[in-house]
Amino acid sequence: MRIAKNINLPALVPLPRDFYSRDPRLVSRDLLGKILLRRHRRKILAGRIVEVEAYLGQDDPAAHSACGRTPRNAALFGPPGHAYVYFIYGNHFCFNVSCLPDGEAGGILFRALEPVAGIEDMAEARGVSLSQESGKGDLRKLTSGPGRLAQALGITRERDNEKDLTSIRSDLIIVDGAFGPHRVEVTSRIGLTKAVAHPLRYIIAGNEFVSRP
């Protein structure tokens with residue numbers, strides 16, 4: 001299994017707000033290859049985005065915003081570029097980013113990352129042992145799946161919900177990463193009971209860190 005090359009970590013400039021102020025389907029495709037980055041205790045934890053799912057707001061039965069604006073889902077209604085974090089199945093958090101102009105609901109769920117920095121700290125957060133012999137194979141256990149990546153980067157609702165990902169002062173941002181996927185594959189979303197056939201899951205084709213249905 002190939003480990004991503006180190007990114008240019010000194011260039012920690014977050015993606016601007018207008019990047020997110022678009023249709024979630026467009027933003028989802030453009031997020032692939034970008035870097036999700038956490039500053040943690042003077043360290044950097046980072047992963048390349050390899051899998052996301054788009055949610056289209058109040059017209060999407062599977063979206064949390066389908067029921068209208070509530071205190072729980074308010075982050076999805078804007079401004080764009082803010083974190084929406086929710087707790088699911090009583091055991092893990094899921095990380096999303098708001099899209100579309102302020103007042104319009106739209107979001108993107110992050111499903112998998114390819115670890116690129118702070119791997120040992122991610123493993124500690126996940127309770128995963130990475131041996132020298134099999135460490136590459138074990139890396140999938142760190143950030144392949146929405147609950148895993150949230151735990152690896154210490155993402156929680158209390159800590160991160162409504163956090164502005166476009167602010168240079170934020171400890172959770174998305175940066176360019178200077179990488180474009182050779183091929184993007186679009187599939188139906190997974191793990192849902194509503195609107196399951198919609199082709200709104202975007203992955204870097206062939207990437208070994210994409211989650212498995």
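Cys-67 counts as exposed because its relative accessibility is 64%. The cut-offs, for a 1.4 Å probe and protein chains only, are under 20% relative accessible area for buried, over 50% for exposed, and partly exposed in between. Cys-94 is in no disulfide, and its nearest cysteine sulfur, that of Cys-99, lies 16 Å away. A disulfide here is a pair of cysteine sulfur atoms within 2.5 Å. Cys-94 is buried, at a relative accessible area of 3%.

The structure holds 0 disulfides. Cys-67 is in none, and the nearest cysteine sulfur to it belongs to Cys-94, 16 Å away.

## Basis of the model

This is a predicted model: local features need pLDDT of at least 70, side-chain atom pairs count only at pLDDT 80 or more, and totals for chains, interfaces and linings use all residues. Residues are numbered from 1 along each chain as its sequence is written, and side-chain values use heavy atoms, leaving out hydrogens and water.

## Overall fold

The protein has 7 helices and 8 strands. These are DSSP runs numbered from the N terminus: helices are H or I with at least four residues, strands are E with at least two. The C-alpha trace spans about 50 × 35 × 35 Å along the principal axes of the protein.

Of contacts between residues at least 6 apart in sequence, 63% join residues at least 24 apart. Contact means heavy atoms within 4.5 Å.

## Surface and charge

Buried residues account for 53% of the 213 residues. The protein exposes about 10100 Å², and carbon and sulfur atoms supply 50% of that area. Areas come from the Shrake-Rupley method with a 1.4 Å probe; for residues, only the protein chains shown count as cover.

There are 30 positive and 23 negative side chains, with the centres of the two sets 2 Å apart. Lys and Arg count as positive, Asp and Glu as negative; His and the chain ends are not counted. Each charge is placed at NZ of Lys, CZ of Arg, CG of Asp or CD of Glu.

## Ala-63

Ala-63 sits in the loop between β2 (43-55) and β3 (83-88). At 7% relative accessibility, Ala-63 is buried. Not counting residues up to four places away in sequence, Ala-63 touches Tyr-55 and Gly-57. Leu-76 is 13 residues from Ala-63 in sequence, and their C-alpha atoms are 9.7 Å apart.
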